[in-house]
Amino acid sequence: MRLTQTADLWWKSAVVYCLDIETFFDTNGDGVGDIRGLGQRIDHLAELGVTCLWLMPFYPTPDRDDGYDITDFYGVDPRLGTHGDIVELIRLAADRGMRVIADLVVNHTSDQHPWFQSARSSRESPYRDWYVWRDTPPEDGPEGVVFPDQEDSLWQFDEQAGQYYLHRFYKHQPDLNVANPEVREEISRVMGFWLELGMSGFRVDAVPFLLETAGATDASDLPDPHDYLRDLRAMLARRNGQAVLLGEVNLPYPETQKFFGDEDGDELTMCFDFIGMQQLYLSLARSEPGPLIKALRERPKAAEEGQWGTFIRNHDELTLDKLTDDERQEVFKAFGPEEHMQLYGRGLRRRLPPMFGNDQARLRMVYSLLFSMPGTPVLFYGEEIGMGENLAVEGRNAVRTPMQWTEGFNGGFSVADPADLTVPMVDGEFGPDNVNVAAQRRDPDSLMSWIRLLIQEYRACPELSWGDCTVLEHDAPAVFAHKSDFEGCTVVAVHNFSDQPAEFTLAVAGAGPGLRLIDLLKVGEAEVADDGTTRLELEPYGARWLRLLRPGDRYVI
């Protein structure tokens with residue numbers, strides 16, 4: 001194992017945990033989580049095995065889009081804390097072997113941002129060209145609003161400015177003009193500021209929209225969007241050679257691959273695997289892994305020093321936009337049959353446990369799959385205990401409910417009146433009386449204990465994050481089997497997508513005597529015949545990780 005390279009490229013084997021500070025833990029009783037609260041609960045994440053915290057926006061905001069409408073890219077929302085609190089949090093994380101990355105949301109600003117307030121005030125404003133304006137919205141302008149249930153146009157007329165401005169997202173989020181060199185320089189300064197305070201990189205929001213120059217006035221001599229991304233990556237490398245850019249790029253594989261840059265990976269360090277995630281849900285709906293296998297075989301290799309980010313869900317709607325209409329309806333029928341469970345007709349606003357009817361065996365299988373598939377696993381807060389959603393909350397915030405620490409009042413999140421909570425708690429079967437950290441922490445059979453074990457074994461198996469993945473053929477239609485090879489070592493993972501038991505034969509190695517398969521998630525092993533095959537059994541929704549041992553190998557825990 002190349003230990004030095006593994007250490008330098010930490011993101012290749014990281015465990016990323018995304019959280020919203022304002023729904024994590026409240027220390028001052030105002031109903032809003034805060035940075036100090038996260039610091040007080042950071043040992044929970046260290047115990048789980050998290051190595052990288054991804055913080056959703058913590059900047060000053062009118063909070064009309066859960067913090068993604070920002071009024072100061074250099075500031076900290078006073079409800080959450082101060083710059084000093086952020087620095088202390090980064091130090092606390094570092095003491096526990098964790099890095100911290102921040103959401104970089106610079107495709108747009110809030111319409112309350114001082115830049116936009118100046119820009120709309122006069123055509124002579126120095127910030128006028130920081131946004132995209134038109135006297136008349138162009139007929140051939142960019143197509144497709146991000147939130148079709150809320151907005152019916154990309155252009156909004158501003159009475160004070162006397163012109164229309166471009167907005168890909170909500171009308172209260174005017175797009176910045178990335179074709180303007182001053183804007184690009186300012187984005188670099190924002191990144192540099194947070195790097196100086198100790199951040200280890202950024203999750204870059206809506207990368208294709210950030211780089212879009214279609215709204216620029218003059219189509220000639222525009223900067224190449226990928227050149228700009230290379231500039232950002234180069235600046236990042238100069239400031240911190242181990243910092244990461246994790247990109248939100250929801251495009252087909254060939255287009256997403258371009259955002260890694262050339263073979264050396266000179267653009268994004270990591271890209272989320274949206275295609276694999278959507279095909280996984282189609283596989284789960286069908287109880288057979290075919291769509292996921294097809295996606296993994298089609299997924300291009302990341303750059304040598306890059307990595308794909310794998311996930312079960314994130315903070316937005318669970319988008320299914322790259323499935324066909326019929327495929328999407330299959331997933332809706334299985335996991336979100338009621339209209340209020342869906343969003344924009346393209347995704348789900350649910351968490352996995354309610355979608356599965358709280359079937360713990362099925363949940364464990366899916367998370368075993370997450371940590372054994374090639375890529376870097378990314379968790380959304382509350383997944384480790386099987387939190388549910390609150391469908392009474394509007395839109396995407398249904399899955400952004402307060403973290404459930406204990407049973408009882410407000411789930412231990414806050415002592416505030418429930419009416420003052422930033423988002424209402426989940427109640428019922430998935431409420432804190434039934435789902436909470438305190439109870440699961442003491443239960444060796446809990447979902448949290450299972451995920452902690454998966455993380456421990458994932459970190460002990462460089463084959464899974466560094467190795468070459470091969471899908472293994474067999475005769476059990478409901479089983480997904482693959483092996484990961486790295487520097488002469490092999491780990492085999494098998495997962496049953498069905499509620500029926502499965503028995504099958506796998507070819508795991510070339511012919512030869514003395515081969516063994518040692519279970520990694522429980523005590524046990526499997527025999528390997530001299531022809532390199534093994535006969536395995538899986539219970540309904542079963543999962544096994546097995547390390548291949550050759551003659552002379554020693555299995556060291």
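Is Cys469 buried, partly exposed or exposed, and what is its relative accessible area?

Modeller: Cys469 is partly exposed, with a relative accessible area of 31%. On this scale, buried means under 20% relative accessible area, exposed means over 50%, and partly exposed lies in between, with a 1.4 Å probe and protein chains only. This is a predicted model, in which local features need pLDDT of at least 70 and side-chain atom pairs count only at pLDDT 80 or more, while totals for chains, interfaces and linings use all residues. Residues are numbered from 1 along each chain as its sequence is written, and side-chain values use heavy atoms, with hydrogens and water left out.

A disulfide is a covalent bond between the sulfur atoms of two cysteines. Here it is assigned to a pair of cysteine sulfur atoms within 2.5 Å, and the structure holds 0 disulfides. Cys469 is accordingly in no disulfide; the nearest cysteine sulfur, which belongs to Cys461, is 14 Å away. Cys271 is likewise in no disulfide, and the nearest cysteine sulfur to it, that of Cys52, is 16 Å away. Cys271 is buried, with a relative accessible area of 0%.

Glu429 is situated in the loop between strand E14 (376-380) and helix H15 (437-441); helices (H or I, at least four residues) and strands (E, at least two) are DSSP runs numbered from the N terminus. Glu429 is partly exposed, its relative accessible area being 47%. Apart from neighbours within four places in sequence, Glu429 is in contact with Asn358, Asn434 and Val435, where contact means heavy atoms within 4.5 Å. Its C-alpha atom is also separated by 9.0 Å from that of Pro354, 75 residues apart along the chain.

His113 occupies the loop between strand E3 (99-104) and helix H5 (114-121). His113 is buried, with a relative accessible area of 3%. With neighbours within four places in sequence set aside, the contacts of His113 are Ile70, Thr71, Asp72, Phe73 and Tyr131.

Of its 557 residues, 61% count as buried. Residues 24 or more positions apart account for 68% of the contacts with a separation of 6 or more. Along the principal axes, the C-alpha trace spans about 80 × 55 × 50 Å.
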